[in-house]
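I wanted a quick walk through this fold before doing anything else with it. These are my notes, in the order I looked things up.

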Amino acid sequence: MTHTHTHPNPHIPPTQPAEFWEARYRDSERVWSGRPNPLLVREASHLPPGTALDLGCGEGADAVWLAARGWQVTGIDISHTALERAASHAAEAGVADRTTWERHELGTTFPEGTFDLVNAQFLQSPVRLDQEGILRQAATAVAEGGTLLIVMHGGWPSWRSEAPFEMEFPTLEGTLSALGLPEESWSVETMSAMRRECVSPEGVDGFREDNVWRIRRVQKPEFGSAFG
């Protein structure tokens, strides 16, 4: 059975995910900061460059950061506008030749191939999203010896006295269990919660709790080379 960790926001009229996210990007000149997510920087800085898949790439900050470090990156998003901005960001940063952009509605379509790094940052949505199903697909896209990096909010920010709508936030153990990864084929290298300081849109100081999982697909030994 497929589960979902997001529920429709009653304050948002019923809409398709593609319509919601396209409107979100069109209604603002910039949605995100343009800087890479801090936990991507913390967890991936030491990884040797290879091929990377950035799921829900938005305006491209994570993908551009990876490309600037030598990765060949495929960025995926549901919004045409977001992808156009991501491509512009890559061109301005001088890494257009190391970035590819594809539109996918995750949960319906998924990019082909395997990658040395699959980056899934904050795949959480106020409209319909099959989060667990997408993360399981993400795991299958990790090449042998590669890394699956997942970062999720663990709860509402501190300045919210009550939840604006129903949202089931993932737990560390719950998400790992939902992935269903065979222990003999995967090594959990990071599984932890981090509190970070942040400011509300109204300027109120506060914090958020984020959860991070960095999991490596174990590379099978090459028996042939051992015997000459």
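**Entry 1: overall picture**

I started with contacts between residues at least 6 apart in sequence: 73% of them join residues at least 24 apart. I'm keeping in mind that this is a predicted model. I then went through the elements and found seven helices and seven strands. From the N terminus on, I read the order as α-α-β-α-β-α-β-β-α-β-α-β-β-α. I also looked up burial for the protein: 45% of its 228 residues count as buried.

I then followed strand 1 (residues 51-55) to its partners. Strand 1 runs parallel to strand 4 (residues 115-121), and four bridges join the two.

How enclosed is strand 2? I find five of its six residues buried, so strand 2 is largely enclosed by the rest of the structure.

**Entry 2: helix 5**

Helix 5 is mostly covered, with seven of its 10 residues buried. I wrote those down as Q131, E132, G133, I134, L135, A138 and A139. What do these buried residues pack against? I find strand 1, strand 4, strand 5, strand 6 and strand 7, plus helix 6.

I zoomed in on L135, which lies in helix 5. Is L135 buried or exposed? Its relative accessibility is 3%, below the 20% cut-off, so L135 counts as buried. Setting aside neighbours within four places in sequence, I list A120, L123, I150, M152, T175 and L179 as the contacts of L135. I also looked up the C-alpha separation of L135 and L148, and it comes to 9.3 Å, with the two 13 residues apart along the chain.

**Entry 3: two helix pairs**

I look at two numbers for each pair, since packed helices are described by the angle and the distance between their axes.

For helix 5 (residues 131-140) and helix 6 (residues 172-179), the axes come within 9 Å and cross at roughly 60 degrees. Helix 5 and helix 6 are therefore oblique to each other. I note the crossing of helix 5 and helix 6 as right-handed. Helix 5 contributes E132, L135 and R136 to the contact, and helix 6 contributes T175, A178 and L179. By class, I have three nonpolar, one polar and two charged residues in the contact of helix 5 with helix 6.

For helix 1 (residues 17-26) and helix 4, the axes come within 7 Å and the crossing is at roughly 45 degrees. Helix 1 and helix 4 are therefore also oblique to each other. I find E22, Y25 and R26 of helix 1 in contact with helix 4, where the residues involved are H80, T81, A82 and R85. By class, the contact of helix 1 with helix 4 has two nonpolar, two polar and three charged residues.

Last stop was F122, which I found in the loop between strand 4 and helix 5. F122 is not a glycine, yet it has a positive phi of about 55 degrees. How accessible is F122? I have it at 22% relative accessibility, so F122 counts as partly exposed.

Definitions and conventions. Residues numbered from 1 in each chain as written. Predicted model: local features only at pLDDT ≥ 70, side-chain atom pairs only at ≥ 80, totals over all residues. Heavy atoms only, no water. Axes fitted to C-alpha atoms, helices over the stretch in contact; angles between N-to-C directions. Parallel < 35°, antiparallel > 145°, perpendicular 65-115°, else oblique. Left-handed = near helix turned anticlockwise from the far one by under 90°. Contact = heavy atoms within 4.5 Å. Nonpolar A, V, L, I, M, F, W, Y, C, P; charged D, E, K, R; others polar. Pairing = 2+ DSSP bridges. Buried < 20%, exposed > 50% of the residue type's maximum accessible area, 1.4 Å probe, protein only.
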